[in-house]
Amino acid sequence: MLKRILALLAMLGASFVVVVAVAPSANADGCDVDEETGEVVCEDEGGGGNGGGGGDTGGGSSTCNYNGREIPCTGPGGSVWSSLHECWIGPSAGELGEDLEPPAGQTKEDGAWHVCYFPPPGSSWEYTWVQTGEEVRIDPVVLAQRAIASMDLDPIQIGIVPESGPDRVGLVGLPVWMWVDSPTDDTFGPITASASEGSVSVSATASVSSIVWDMGDGTTVTCTGKGTPYADHYGKKDSPTCGHRYEKMSTDQPDGAYQVTATSHWVVEWTGGGQSGTIEFDLTTDALPIRIGEAQVLTQ
């Protein structure tokens, strides 16, 4: 049994089949296998399917029904729910390196043994026979998340005046300009990627809808668009698109600087497999120290 569990755990992360097509739900969670017991563990074992999004990109999985309650359509390692077998169908025995004999009256051309994860409580897994030609296909939400992962998205690069640096100091009351420095497809979008398995293909397009700037002084500024890069000829004008003004010096802050971060809110529209949906998530930059002083202090 332990050998089978270890082999099974090594396969997690692959995605397999789904029998029913359902509407996507951004709040459903997948499930995992407990490494010690081999049992299936879901974040919300009440079956409401109302847990958080899946991973860094959110989005969850589709919602399926089992005995009158909602469960995630996506199970351990990307396995997907089969209403016919009343379990999540995972990898085949052959994919796990096991050569199992077909059931009586069947041949290897008639089907294959697949891992069958039973929903909690009291969940476990065993092999179940899946007939060749049975309508099986991957959950499109899983493919959408694969497409997003292939985009390799990053937080923006911060453009800001006053600039960061030990010899750079801005002044209380003067305009602060913020913008996306050198935007690229993978830091601002739009960027499109696709993923497919079998007959199912999903295309996803991601773009940043807004950026929330945490200025480090207790205020946040929400800006749409990339912002306007500062140039000397703007002088002391406010940014026309994304700006701020500090009301006091940063001398009482850690390291004497305000810690500025920018959080990009990504929106991904995906379609494929007879479904469509939206996945949203945030990416945040590392903190950038910005020092603010007063004119009379600087001239002493």
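Ile 89 stands opposite Cys 116 in S8, a position within a predicted model in which local features need pLDDT of at least 70, side-chain atom pairs count only at pLDDT 80 or more, and totals for chains, interfaces and linings use all residues. Residues are numbered from 1 along each chain as its sequence is written, and side-chain values use heavy atoms, with hydrogens and water left out.

Strand S7 (residues 87-92) and strand S8 (residues 111-117) pair in the antiparallel sense over three bridges. Strands here are DSSP runs of E with at least two residues, numbered from the N terminus, and two of them pair if DSSP finds at least two bridges between them. S7 and S8 belong to an open sheet of four strands in the order S6-S7-S8-S9, with antiparallel pairing. Its edges are strand S6 (80-82) and strand S9 (125-131), each of which pairs on one side only. On average, neighbouring strands of this sheet are turned by 50° against each other, direction ignored; the axes are lines fitted to C-alpha atoms, and angles between N-to-C directions run from 0 to 180 degrees. In the loop between S6 and S7 lies Glu 86, which has a positive phi of about 55° although it is not a glycine.

Attention now turns to a pocket. The second largest pocket has a volume of about 210 Å³, a volume being the space filled by probe spheres set on grid points that are joined across faces, edges and corners. A pocket is an open set of points, on a 1 Å grid over the protein atoms alone, where a 1.4 Å probe fits, with protein on both sides within 12 Å along at least five of seven lines; lining residues have an atom within 4 Å of a point. Of the 14 lining residues, the closest to the centre are Val 161, Pro 162, Leu 171, Leu 174 and Pro 175. Strand S11 (170-171) and strand S12 (175-180) each supply at least two residues of the lining, and S12 gives the most, with three. The lining divides into eleven nonpolar, two polar and one charged residue.

Val 161 and Pro 162 are joined by a cis peptide bond with omega of about 15°, and Pro 162 is found in the loop between strand S10 (158-161) and S11. Another cis peptide bond joins Gly 189 and Pro 190, with omega of about -5°; Pro 190 is in the loop between S12 and strand S13 (191-197).

As for confidence, the protein chain averages a pLDDT (the predictor's confidence in each residue, from 0 to 100) of 80, and 76% of the residues score at least 70. Over residues 45-61 the pLDDT is below 50.

Key
Nonpolar A, V, L, I, M, F, W, Y, C, P; charged D, E, K, R; others polar. Contact = heavy atoms within 4.5 Å.
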